[in-house]
Amino acid sequence: MNFNAVLTIYIFEMRRFFRTITQSLISPVLSTSLYFVVFGTAIGSRIQEVEGVSYGAFIVPGLIMLTVMTQATSNASFGIYFPKFIGTIYELLSAPVSFLEIVAGYVGAAATKAMFIGLIIFATSFFFVDITVAHPLAMIAFLTLTCISFALLGFIIGIWAGNFEQLQLIPLLVITPLVFLGGSFYSISMLSPVWQTITLFNPVVYLISGFRWSFFGTADVAIGVSLMAIALFTGLCLLFIWWIFRTGWRIRQ
Amino acid sequence: MSAIVSVQNLRKAYAGGFEALKSINLDIEEGEILALLGPNGAGKTTLISTICGITVPTSGKITVGGFDTQTDFRATRSLIGLVPQEINLEPFETVMSSVSFSRGLFGKPRNDDYIMSILEQLSLADKKDSKIMTLSGGMKRRVLIAKALSHEPRVLFLDEPTAGVDVELRKDMWEVVAGLKASGVTIILTTHYIEEAEAIADRVGVINKGEILLIQDKADLMAQMGQKQLKIELAAPTDTIPKALETYDLTRSEDGQYLTYSYDTTGERTGITTLLGDLQKAGLQMKDIQTQQSSLEDIFVGLVKEET
């Protein structure tokens, strides 16, 4: 195991994050605050409670998830796409590193960044609503798993993308709709039975539901199912990445 | 000397069916400078990429330092430094951080003193904190070399190190390469500048259309294939070559002003002395004489032409 390489990639990526710290932190914090103002205050004043929780507090887990998923995906996809774009990938391919080490470095850094931003948003939410966390350990565990799995997905997108447009395409066309329709801002029980059934095909539902359970102790789907869903998603991403490196798809001819 | 890099029956075919390398066999001796000459698209970069692990071979075997590049990739890649043809660098990084990144990636613990010594060797020391995007093209190329040397490799591949580099900088680069050789690094460089191979290589390989046409000691090659010519300018033109001189390999220029004598420099006797004596006996007055040796370029052009 080439630990030096993993650490080198990790630090290199984290340095990029801290170099652009304003842009890295201010924009998610600002957009989240806007969500709080619009959904929590303006609309929330007309919705009293959802599942026994004030609406402002109810959307906190969904908001954190929304940001964490998009950040993990975009950070990881950019992280591996950029070396491809400027050609420095030759170095990764000719270095004595295995696919596991490359993934650990890039995905680890992207997940850390997303986690960091998620926690900042969590802290920001205290300015707007009263919130308590019922299961803090579970909350951290869910957050970590989500960061890692979506960073893995982002890594795949970064390898697949042939240009900057494609890099944005999946987050924009797939992830954002899934997250919005995955119950970030509402409870599935508020939907009609038909839509409830359709919604259950959205994998993000399980993640948001599980995460929300860690805050309030109530969930749309059973917590065990949520855990299984996220484990399955992570497993699929890992399998795909393993296949990418085994076949050299899009990177090694 | 033993081979530090050994390539056996290497073949590389791309998905489209294009055969970039056709059964390459090549042994690279430790400590030598080998120049691979070839026109664009000859397979030079593919060969290097395959040895370095960037491209997967279709068949064949490559060993570096005795290790197989496929099964022991960590061992072989640790021994190799690669300077790519294109200037591929992170524009926003500083020279120091970019070079340190390469060292870490190759699994070596951080060593700023060592990195500084490389930067000094490459006259980059005063640029260590400069962002790469602020450097000139020649400087960037040096940064690429520094990155390739950062993990103390024993074999260095330079893929067209002087492509698009001005004459002065090219000479600079040759000095850098000579310095590296002196420090014991084996160097393989590709080029399509013949004068580059002539100036710095110990051995020269000619590659075209995925095949190595020739690989030989540079001096041997030039001696063996290098015909020398003696051009004699006569005081007065002659209509024919005198009978007494027919035994010599002489050609007469159209105007009869010049006689050209071809001879082999490796032969025991060049025959020049007797020719000059016989010329005088035949009554031909010489005005001037000059000799010409065929360059590597003539040899190269001859070889590649023969192929096509």
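Trainee: In strand S8 of chain B, which residues lie on one side and which on the other, and are they buried or exposed?

Mentor: This is a predicted model, and the reading that follows concerns its computed geometry. A strand may be read one face at a time. In S8(B), B:Thr186, B:Ile188 and B:Thr190 form one side, whereas B:Ile187, B:Leu189 and B:Thr191 form the other. Both faces are covered, and the residues on each are all buried.

Trainee: How many residues of S8(B) are buried, and what follows for the strand?

Mentor: The count is 6 of the 6 residues, so S8(B) is largely enclosed by the rest of the structure.

Trainee: Why is B:Thr190 classed as buried?

Mentor: Burial is judged here by counting neighbours: a residue is buried if 20 or more other C-beta atoms lie within 10 Å of its own. B:Thr190, which lies in strand S8 (residues 186-191) of chain B, has 26 other C-beta atoms within 10 Å and is therefore buried.

Trainee: Which residues does B:Thr190 touch, leaving aside those up to four places away in sequence?

Mentor: B:Thr190 touches B:Leu36, B:Lys44, B:Thr45, B:Ile48, B:Asp159 and B:Glu160. One of these contacts shows how sequence and space are to be read separately. B:Lys44 is 146 residues from B:Thr190 in sequence, yet their C-alpha atoms are 6.5 Å apart in space.

Trainee: Which strands pair with S8(B), and in what sense?

Mentor: Pairing is read from the bridges and from the direction of the strands. Strand S3 (residues 33-37) of chain B runs parallel to S8(B) and is joined to it by 5 bridges. In that pairing B:Leu37 has B:Thr191 as its bridge partner.

Trainee: What is the order of the strands in the open sheet of chain B, and which strands stand at the edges?

Mentor: For an open sheet, one reads the order of the strands and then looks to the ends. The sheet has 4 strands in the order S2-S1-S4-S5, with antiparallel pairing. Strand S2 (19-29) and strand S5 (67-68) each have a single partner strand, so one side of each is left without a neighbour in the sheet. At the S5 end, strand S4 (residues 59-64) of chain B pairs with S5(B) over 2 bridges in the antiparallel sense, and B:Thr63 stands opposite B:Asp68.

Trainee: How does the span of helix H5 of chain B agree with its number of residues?

Mentor: A helix may be checked by comparing its expected span with the distance between its ends. Helix H5 (residues 137-149) of chain B has 13 residues, which at 1.5 Å a residue should span 18 Å; the end C-alpha atoms are 19 Å apart, and this agrees.

Trainee: Which residues of H5(B) are buried, and what do they pack against?

Mentor: The buried residues are B:Arg141, B:Arg142, B:Val143, B:Leu144, B:Ile145, B:Ala146, B:Lys147, B:Ala148 and B:Leu149. They pack against strand S6 (80-83), H3, helix H4 (112-121), strand S7 (155-159) and helix H6 (167-182) of chain B.

Trainee: What does the radius of gyration say about each chain?

Mentor: The radius is compared with that of a globule having the chain's number of residues. For the 308 residues of chain B, a compact globule would have a radius near 19 Å, but chain B has 25 Å. Chain B is divided into domain 1 (3-223) and domain 2 (227-294), whose centres are 46 Å apart. Chain A has 10 helices and 2 strands. Its radius of gyration is 19 Å, close to the 18 Å that the globule rule gives for 253 residues, so chain A is as compact as a globular protein of that length.

Trainee: How many residues of chain B are in contact with chain A, and which helices of chain B supply them?

Mentor: An interface is read by its residues, the elements that supply them, and their classes. In this model, 24 residues of chain B are in contact with 19 residues of chain A. Helix H2 (73-79) and helix H3 (95-105) of chain B each supply at least two residues of the side that touches chain A. By class, that side of chain B has 12 nonpolar, 7 polar and 5 charged residues.

Definitions and conventions
Residues are numbered from 1 along each chain as its sequence is written. Chains are lettered from A and ligands numbered from 1 in the order in which they are written. This is a predicted model: local features need pLDDT of at least 70, side-chain atom pairs count only at pLDDT 80 or more; totals for chains, interfaces and linings use all residues. Two residues are in contact if their C-beta atoms, placed from the backbone, lie within 7 Å. Ala, Val, Leu, Ile, Met, Phe, Trp, Tyr, Cys and Pro count as nonpolar, Asp, Glu, Lys and Arg as charged, and the others, Gly among them, as polar. The expected span of a helix is 1.5 Å times one less than its number of residues. A residue is buried if 20 or more other C-beta atoms lie within 10 Å of its own, exposed if 12 or fewer, and partly exposed in between; C-beta atoms are placed from the backbone. The radius of gyration is taken over C-alpha atoms; the globule rule is 2.2 Å times the number of residues to the power 0.38. Domain bounds come from an automatic or database domain assignment. Two strands pair if DSSP finds at least two bridges between them.
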